[in-house]
Amino acid sequence: WAPASAATMQPNGRAQVRKGTELRQGINEEELRDVFDKFDFDGSGSIDERELQQAMRLLGVSCSLNTATKVLRQIDIDSNGTIEWTEFQAFFSRVSDPEDLKDFLSQQCHRFFEYKQAVESDPSFGKTFKIPPNSMPNRRLEGHNESVESIAWLSDDELISGSIDGEVLLWNLATEGPRIRPQRRFQAGKRCALYSMATDSASRSITTGLDGRGASNLRRFTIDDGEEKMAYEGHTAPVYCVGMSSDGMSVASGSKSGEICTHDIESAAPLTHGKVHDNVVHSVAYLDDATMLCSASKDGTVKIFDGRSISQSARPMYLIEDAATAGAVLQAVWHSQHQIVTCGDDYCIKRWDLRHLQNGPVQSYFGHTSIVRCVESSPDRSFIASGTKSGSVRIWITDEVGKFQEKAMGAELQLEVAKREFEEIEAQFESGSLPVDDLRAAKDRRSLAESEAEAMRASYGELKRRGFSQAVFGCEGSKMPVTSLAWRPSTVDGKLRLAVGAQDQAVCIYDLDGEKLSASTVGP
């Protein structure tokens, strides 16, 4: 970005703003100095990146700690790792609007930043995107007295849910009747807030992330009797997220303070422990074989670690900076061995290929106009479900471009068949063995195939140029923030089940037809 006219550079490289300058957004020099002094707690004349982030927020420029660190590196002219008053002053003479932060982001982030700005500045922006068809829940489970924070399937018909007051409920969806009552309920610790759960169906146990207020914040319970089986060590701050390996032998957990612990399921002492994020860890997830662990944080980053060697000094195997475009990343889940799906407070969903992070996301999903709090890939990886702060739930085809490519190839194949058929019938007509009506019908079929192939070519090309997918379906049922999503393949009728937990104290169940969803690509 170019220097503002009010700022000049001194011979020593420091920026100077002329006294009495009216900064952008009407903040004068004296007011800006008051803000600087407010965060210069020790009176040293300098502030660090965390204090810079707080000062920026106070002045109306909100960003993640990761972005604030990038800002610091660029405006720290003398490279001493802190921001002095003159540097702070010069920066805010140029940057006092969120739009100005775009220059600190990578080129791949720009369109996501612009999307975020459009959502926040234009109330009608959401009308730009197609509104997908939607349905009400097939069943609504009510029994909690507080916000439902976490849900998980145990079997095709058994679901478990946990609420912020620490109460855990077991549901049996095979129960007949319009209203289902909890099959079992128990308390995950006394006077503990519950934030997250991870289940192991084989042992019928859950590991819960809690605010134990001095006691263990990570505990395992048996589901059928609610008995506490293990109180894990390592965390002193509330545990906001828990993840379990597919074999049920390893547990990972992340805390409010940015720490991650891993445990053997049968051992209280942590296997690994380290402060690996600069802010709240919102999600942790193991790759199926537990060789890699993915974490998402309020600091704006997603980190992928060797699942067996997490420590204070451990370097991530992969790092995604600004995964939510200068905002907080609220969840990151595995999609495949090399791909993850993320969401955050930039209103976007993104799918990343760890082998090509330098190119940005391989696919983005636009249409939400509320902060996306959670995402989950379907068991067959064909779909992504997302839940937002406004209560909206939408379903997306994971690889819509690939689906359209398949359709385009199918249309081309049908065209080749129609062409060959016409040539054969034309030859028979010329030899006098077929009437003219057969020739006309074959010509019509060829023309129709040509039109369909041309339309599919145009649609496929436009979809690739557009560069994002839109939702194909919506699930209504809650007006409160969505907190948790859980897919389950049905073995009875071939459908997919989606459970949605929300702050309205209920869990909604949707039975979805995967074939119909696949056929309902939105397209350009």
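Q: Where is the place of Arg191?
A: In this predicted model, Arg191 sits in the loop between β10 (184-187) and β11 (193-200).

Q: Why is Arg191 called exposed?
A: Its relative accessible area is 70%. The term exposed applies over 50%, so Arg191 is exposed.

Q: What is the phi of Arg191, and what kind of value is that?
A: Phi of Arg191 is near 55°, which is positive, and the residue is not a glycine. Most residues other than glycine have a negative phi.

Q: Which loop holds Arg381, and what is its phi?
A: Arg381 lies in the loop between β27 (372-377) and β28. Its phi is positive, about 70°, although Arg381 is not a glycine.

Q: Why is Arg381 described as partly exposed?
A: The relative accessible area of Arg381 is 33%. Buried needs a value under 20% and exposed one over 50%, so Arg381 falls in between and is partly exposed.

Q: How do you know whether His335 is buried or exposed?
A: The relative accessible area of His335 is 8%. The limit for buried is under 20%, so His335 is buried. His335 lies in the loop between β23 (329-334) and β24 (339-344).

Q: Which residues does His335 touch, not counting residues up to four places away in sequence?
A: His335 touches Ile340, Val341, Arg351, Ser377, Arg381 and Thr398.

Q: What makes Cys109 count as buried?
A: Cys109 has 7% relative accessibility. Under 20% counts as buried, so Cys109 is buried.

Q: Where is Cys109 found, and what does it touch?
A: Cys109 is in the loop between α4 (85-94) and α5. Not counting residues up to four places away in sequence, Cys109 touches Asp322 and Thr325. The C-alpha atoms of Cys109 and Pro361 are separated by 9.3 Å, with the two residues 252 residues apart along the chain.

Q: How do you know that the span of α5 agrees with its number of residues?
A: Helix α5 has twelve residues, which at 1.5 Å a residue should span 16 Å. The expected span takes one less than the number of residues. The end C-alpha atoms of α5 are 16 Å apart, so the two values agree.

Q: Which residues of α5 are buried, and what do they pack against?
A: His110, Phe112, Phe113, Tyr115, Lys116, Gln117, Ala118 and Val119 are buried in α5. The buried residues of this helix pack against β25 (349-353) and β26 (363-365).

Q: Why is the pair of Tyr115 and Phe125 called edge-to-face?
A: The ring centres of Tyr115 and Phe125 are 5.4 Å apart and the planes are at 75°. Rings pair if their centres lie within 6.5 Å, and planes over 60 degrees apart count as edge-to-face. Both conditions hold, so the pair is edge-to-face.

Q: Which parts of the chain does this pair link?
A: Tyr115 is in helix α5 (residues 110-121), and Phe125 is in the loop between α5 and β5 (134-135), ten residues apart. Tyr115 and Phe125 are both buried.

Q: How many aromatic pairs are found, and which residues form a cluster?
A: A search of the whole structure finds ten aromatic pairs. Ring pairs join Phe112, Tyr115, Phe125, Phe129, Phe366 and Phe468 into a cluster.

Q: What makes Lys350 a charge that sits over the ring of Phe112?
A: The charged end of Lys350 is 4.7 Å from the centre of the Phe112 ring. The distance limit is within 6 Å, and the charge must also lie within 35 degrees of the ring normal. Lys350 is listed as sitting over the ring of Phe112. The charged end of Arg446 likewise sits over the ring of Phe422, 4.2 Å from its centre.

Q: Which residues touch the most other members of the largest nonpolar core?
A: Among its 19 residues, these are Ile395, Trp487, Leu498 and Leu512. Strands β28 (383-388), β29 (393-397), β30 (473-475), β31 (482-489), β32 (496-502) and β33 (506-512) each supply at least two residues of this core. A second, separate core of 17 residues includes Ala323, Trp334, Ile340 and Leu357.

Q: What does Leu498 touch, not counting residues up to four places away in sequence?
A: The residues touched by Leu498 are Ala385, Val393, Ile395, Cys475, Ala486, Trp487, Cys508, Ile509, Tyr510 and Leu512.

Terms used
Residues numbered from 1 in each chain as written. Predicted model: local features only at pLDDT ≥ 70, side-chain atom pairs only at ≥ 80, totals over all residues. Heavy atoms only, no water. Core = buried A, V, L, I, M, F, W, Y, C linked by side-chain atoms within 4.5 Å. Buried < 20%, exposed > 50% of the residue type's maximum accessible area, 1.4 Å probe, protein only. Helix = DSSP H or I, 4+ residues; strand = E, 2+ residues; numbered from the N terminus. Contact = heavy atoms within 4.5 Å. Phe/Tyr/Trp six-rings, centres within 6.5 Å; stacked < 30°, edge-to-face > 60°.
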